[in-house]
Amino acid sequence: IYSKDASERLQAVMDCRDLPPEAAAPILCHVFDNNETEASLREFAALALGFKSNNRSYEILTQVVERDDDDDVRAAAAAGLGYLGDDRAFDTLRMLLFEDHSSRARASAAVSLGMLRDPRSFQCLIQSLEEEKEGVYDMARACIGALGELGDIRAVNHILKFSTSGDFVTQQILAEALGNLACPEAEEALKFLQNDEHPNVQKAATLSREQLAVRMLGNK
């Protein structure tokens, strides 16, 4: 990590995947403490600080989201905050969702808000979903998946319109999300999606219907 060769420093960061969090911590923190200039190193280190967390992860990731000028690094930091699962990240992720100029960073923030499973995320995700331009699906996919993670059935009426989007990736994510939203409307939508022309959508809808049946039985 102290090498002058950027490729060697990157390899050191990537090797953290195989280290326990306490061993990875000084390497990952060094990237930001020493103002690493290579964006790819900062990007990987930011993500790793989420799933190889240490007592400085929240502080560093929040600073990266607020200060780093690279879109991909901010997106990785947002993802890291999602993996970290610290409720304190809500305000930072909300800010990124509504104020960042990068669509990738905003989408990453949406996904992480779902991972936090904080009820406050619901309205943020709905607002972001409604503000997206028609036919632009990256943010829609992120919001739909995140709303599925939250499991709030109020989301169903806001996401059903995507069942006829014609974009199979969006429809697949919708089918997966509906499996976490136990209500009759979700069941009907999944029946419809089971007849979609794309096999990925069909499979996701079938699996979600099975999952939904168990959830709805448990709610009785």
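Tutor: Start with the term itself. A salt bridge is a side-chain nitrogen of Lys or Arg within 4 Å of a carboxyl oxygen of Asp or Glu. Side chains of opposite charge can pair when their charged atoms come close.

Some ground rules come next. This is a predicted model, where local features need pLDDT of at least 70, side-chain atom pairs count only at pLDDT 80 or more, and totals for chains, interfaces and linings use all residues. Residues are numbered from 1 along each chain as its sequence is written, and side-chain values use heavy atoms, with hydrogens and water left out.

Take D118 and R120. They form a salt bridge, and their closest N and O atoms are 2.7 Å apart. D118 counts as buried, at 8% relative accessibility. R120 counts as partly exposed, at 46%. Here buried means under 20% relative accessible area, exposed means over 50%, and partly exposed is in between (1.4 Å probe, protein chains only).

Salt bridges that share partners also build a network: D33, R56 and E59 are joined into one.

Look inside that network. The side chains of R56 and D33 meet in a salt bridge of 2.8 Å, N to O. R56 sits in the loop between α3 (39-51) and α4 (57-67), while D33 belongs to helix α2 (residues 21-33), so the pair ties together parts that are 23 residues apart in sequence. Helices here are DSSP runs (H or I, at least four residues), as are strands (E, at least two), numbered from the N terminus. R56 is partly exposed, with a relative accessible area of 25%. D33 is partly exposed too, at 42%.

Now move to R42 and D68. Their salt bridge has its closest N and O atoms 2.7 Å apart. R42 lies in helix α3 and D68 in the loop between α4 and α5 (71-84), so this pair links parts that are 26 residues apart in sequence. R42 is buried, with a relative accessible area of 10%. D68 is buried as well, at 13%.

How many salt bridges does the structure hold? The count is 17.

End with D100. It is found in the loop between α6 (90-99) and α7 (103-116). D100 is buried, with a relative accessible area of 12%. Its side chain makes a polar contact with the side chain of R74, at 2.7 Å. A polar contact is a pair of N or O atoms within 3.5 Å; within protein, one must be able to donate a hydrogen and the other to accept it, and residues adjacent in sequence count only if both atoms are side-chain atoms.
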